[in-house]
Amino acid sequence: MTPGRGSAEDSRTDGTAKRRAAVLGSPIAHSLSPVLHRAAYTALGLAEWTYDRFEIDETALPGFVRGLDADWAGLSLTMPLKRAIIPLLDGISPTAASVEAVNTVVRDADGRLTGDNTDIPGMVAALRERGVTAVPSAAVLGAGATAASALAALARICEGPVTAYVRGPARAAEMRGWGERLGLDVRTEDWERAAAALDAPLVIATTPAGAADALAGRVPERPGTLFDVLYDPWPTPLAAGWAARGGAVVGGLDLLVHQAVLQVELMTGRSPAPLAAMREAGERALRAR
């Protein structure tokens, strides 16, 4: 999705116009999105722009969306709203449609709401920043919405098969289904064999905090690249063990910042967004916790 032209773009890029944006989800108190977006607004000179957080679940979401007025530029969505938002929108991008998940909504001058997904290109950008632009194969730890986004990102950079390590046949079938939809060769293994994932040239860990901690002692002597989507607390035991072996590590803050950069560009019409300022603000906020 690209910024519109004419008056809609002008109103977004005009730093003197009052505009609003926010992140919605439940729970939401932990979100770093306000820190990142506000840092971007400051760097871009958008003095009249505000960015807040709202505790919103699926039940409250339709009413909130109906209340969006002309001051609103966009929304960021976190769990459990990434799929619940879709029926409330006027359209979604092909990227969002590929995983049936929206984490970004842009409101144009006519009130039209369009959904996008910046998690997928955000993952690709975070890896590219560390020099990972193509891999012969990869492994994914876990299933669910983040794992689906990881598969979509891998569809852009992985030249061979992806093995997903999951719990239970239902999750395995779901991941193979996403692979078929994305044109990616996805194979599945039971979580009990997850240590074998660590031999892949690229490992993307999408599991909740603590779930992969037991793998920290199984890191190979010459590890490839680990992308651990967690960021608080950081480093995770797996990330620390990986780094101790000399492997490259991409963290959840890298993903959060890169996807937020794309959100800022979509909502404000300004490009490029201030990556360095946003990352510094995020790191500072995490140190303060």
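## Exercises around strand β8

Strands β8 and β9 (residues 186-190) pair in the parallel sense through five bridges; two strands pair if DSSP finds at least two bridges between them. Helices (H or I, at least four residues) and strands (E, at least two) are DSSP runs, numbered from the N terminus. The model is predicted, so local features need pLDDT of at least 70 and side-chain atom pairs count only at pLDDT 80 or more, while totals for chains, interfaces and linings use all residues. Residues are numbered from 1 along each chain as its sequence is written, and side-chain values use heavy atoms, leaving out hydrogens and water.

**Exercise 1.** Find the strand neighbours of β8 and follow the chain between them.

1. Start with β9, where Arg187 is the bridge partner of Thr163.
2. Helix α7 (residues 169-182) carries the chain from β8 to β9 in a right-handed β-α-β crossover. Right-handed means that, with the strands pointing away from the viewer, the path from the first strand over the helix to the second runs clockwise.
3. Now take β7 (residues 138-141), which runs parallel to β8 and is joined to it by four bridges. Here Leu141 stands opposite Tyr165.
4. β7, helix α6 (residues 145-157) and β8 form a right-handed β-α-β unit.

**Exercise 2.** Work out which way the side chains of β8 point, and why β8 is largely enclosed.

1. In a regular strand, side chains alternate between the two faces of the sheet.
2. Val162, Ala164 and Val166 point one way, Thr163 and Tyr165 the other.

Technical notes
Buried < 20%, exposed > 50% of the residue type's maximum accessible area, 1.4 Å probe, protein only.
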